Structures are given as structure tokens and as C-alpha cells.
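Biologist: Could you take me through this model feature by feature, giving the general idea and then the case at hand?

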Amino acid sequence: MRHRVLVVGLGNMGMSHALAYARIPEYDVVGVCTRHVNDLDLPEPLRDAKRFTSYDEALAELRPDVVSINTLPDTHAAYAIQAMEAGAHVFVEKPLAETVESAQAVVDTARRTGRKLVVGYILRRHPSWTRFVEIARQLGTPLVFRMNLNQQSNGETWDWHKRLMSSFPPIVDCGVHYVDVMCQMTSAKPVRVHAIGARLTDEVPLNNYGMLQVTFADGSVGWYEAGWGPMMSETAFFVKDVVGPKGSVSIVMAAGDVAVRSDDINTHTRTNQILWHHAEKSPGGTYDLRDERIAMADEPGHDELCEKEQRHLLQAINHDLDLGSEMDDAVTSLRIVMAADESIATGQVVEL
């Protein structure tokens, strides 16, 4: 059975997802919708899709089986709810919504209508990142999470970041990914958040730098840092490190990999190597177990990961997979980063 797809938003992520649908035989991209769609020279796989500038018109005319929402975050919740009410399954890029309440409303709509809802947590589909999570779960409790993603963005990338900051600061927009990773590593509930932030340029209305600290009910703690802009340092821009009683696990850049740029979207998912440090004693009573360097050759690239996300949605539709925990996790991660934004604004610790 082929599923008719309407793709809404054709920016960096939207185009990647649209082409991913086009590569999967069970999908048929019947429509694309964006404000300046008539000015676009669409790639060959999308040229038969009908063009729309109005989401309402596209949804009403096409009555698609799947709607892929890749617009700015301020439309995510309303578009997703409207699509599910019209009978469509939904893929929506992260963050799920602008508020926790509206995110919960999206999830509630999915449950009420029986439609499948997949949120664009691309790292959940990445084999190396799932391995990273699996190892972290073996390190004991509590865990310490140390993560960041700072991006020295210039030119088109800085323009894109400025558009994103019309809705959210990077501590929210990027933060949901890595807070979600933390939540996968510990099943404990998050209990409090404290954060700081700074606006380093007059070009944007929001803090383009932020750092949060989160505490979980099992004693696990973590920090996440994110900054966007031409002023950001590329020193230690990518830290992914987890420590527990039994050792630590880290995503590390391979030796000699010096050409990596912090604003390269492929860098944000690539792992190169996983370093697993063992702190357990050997049978002789000494701490001499060897560290493991796990090579991650032939990793999927960004477009391949987008395709994995859409194949996950296809599986959910065709086999009626229960996506309840994924949907609830999307709300939880948003709750944490929104609490961080509140903490920056108030200067207070936020209890969850």
C-alpha cells in the first residue's frame, strides 16, 4: 500500500525528509507546501508533486495519508493537530511545540484519533547513538551527563539560526535532542532544572548561548550547553560524555579529524568512535581493565538518517506500533528545556 504524503516546509530538514519519502517505494509525495514554493526549482524526484502556499488548501485538497511538518516551531502543534484531525499520520520536526501544554495537546490528539505521531528525534534512529545509550545504561547509578553542541555559524547557517531564534533559543531548539538522550540513559524522572544564558549579539532577540543543569530522581545529574553565532568558539564544541560508578562512555572524534566544522549538520550525528572506559576491578583486584575504542565505520549520513525516520513512521503505520512512550518522551524533553528557559529568565531553580 502506498501512502500519499504532503510535505510542509522545504528548508534544510524539510527537503531532506521530502527526498527521503521519494526514495521509499511505499510513499508518494503528492504535495509540497511552503511560502515561496513557486520560486523553487524542485529536485527531479519532487517535480510531480503539486505545489501549495496555503497549508489549509493543501490539506483540504489532497487529503493525504501522511503530513510531514518541517516548518518553524511556532506552527508545529497547530499543523500536527489539524493533520491528525483530518485523518493523516504525522511526522513533525523537533521541538514538538512552543509550550509543554501544546505539546501535550498534540500527543493527546494522536491518542484520541489513533493516528501515528513521530517526532524528529533523529538520534533515536542512529545505530551509533543507540549503542552509546546502551553502554551508558551499563555504567550503574547515578550517572553524570556532560554534553554540548556549540556552532560557529556564519553566512547561510547564521541566517538559518537567526530564523530559528524567532521561536526558540538554542538551549531549547537543540537541547531537546540531548536532554532526550539523557532521559533514555536513566529511567528516573527529572526533578529540577537550573540554567544560565547570554545574548551575545544585537542581531537576535533571544539568548544565543545557554547552559542548563538537570537533576534526576535517582541522583543522576547533567549539563548541556548550546551556542549559535559567528562569535562562538570551535574549541570543545562537541562534548558527549557520560560517567557512572562503573566507568564512562564518550563519543570522540577520530585522530586526525581536524577538518570538522561546528556548523556542519553531518557533524552533529557522526560519532567516529565510542570510547568505553571500565572502572571495575579485574579478578586480581586492580583497576587494569582495558578501555575499549569502538570504531563506528560506515555510519549513516544525515539524509540516510532522515530516511530511517520515515521508515520508522512507515513501520508504525503498517504494523500499528505503539508509539506512546516516544510521544511522552518528546513532551518530557521539551518540559526540561522549557524549564531551563524559564530558569534563565527568572534566575531561579525550576522544580519539575
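Biologist: In which loop is Pro 95 found?

Modeller: Helices (H or I, at least four residues) and strands (E, at least two) are DSSP runs, numbered from the N terminus, and with those labels Pro 95 is found in the loop between β5 (89-92) and α4 (100-113). The peptide bond from Lys 94 to Pro 95 is cis, with omega near -15°. Another cis bond runs from Thr 141 to Pro 142, with omega near 0°, and Pro 142 is found in the loop between α5 (127-136) and β7 (144-151).

Biologist: What sort of model is this, and how are residues numbered?

Modeller: This is a predicted model, in which local features need pLDDT of at least 70 and side-chain atom pairs count only at pLDDT 80 or more, while totals for chains, interfaces and linings use all residues. Residues are numbered from 1 along each chain as its sequence is written, and side-chain values use heavy atoms, with hydrogens and water left out.

Biologist: Is Arg 63 buried or exposed?

Modeller: Buried means under 20% relative accessible area, exposed over 50%, and partly exposed in between (1.4 Å probe, protein chains only). Arg 63 is exposed, with a relative accessible area of 60%; its place is in the loop between α2 (55-62) and β4 (66-69), and its phi is positive, about 45°, although Arg 63 is not a glycine. Ala 236, in the loop between β10 (221-228) and β11 (238-244), also has a positive phi, near 55°.

Biologist: Why is helix α8 described as largely enclosed by the rest of the structure?

Modeller: In helix α8 (residues 175-185), 11 of the 11 residues are buried, so the helix is largely enclosed by the rest of the structure. Among them are His 177, Asp 180 and Gln 184, as well as Met 185.

Biologist: Which residues have the most contacts inside the largest nonpolar core?

Modeller: In soluble globular proteins, nonpolar side chains tend to be buried together. A nonpolar core is here a set of buried Ala, Val, Leu, Ile, Met, Phe, Trp, Tyr and Cys residues joined through side-chain atoms within 4.5 Å. The largest one has 110 residues, and those with the most contacts inside it are Met 185, Tyr 224 and Val 242. The largest share of this core, 10 residues, comes from helix α10 (residues 324-346). Taking contact as heavy atoms within 4.5 Å, and leaving aside neighbours within four places in sequence, Tyr 224 is in contact with residues including Gly 175, Tyr 178 and Met 182, each of which is buried in α8.
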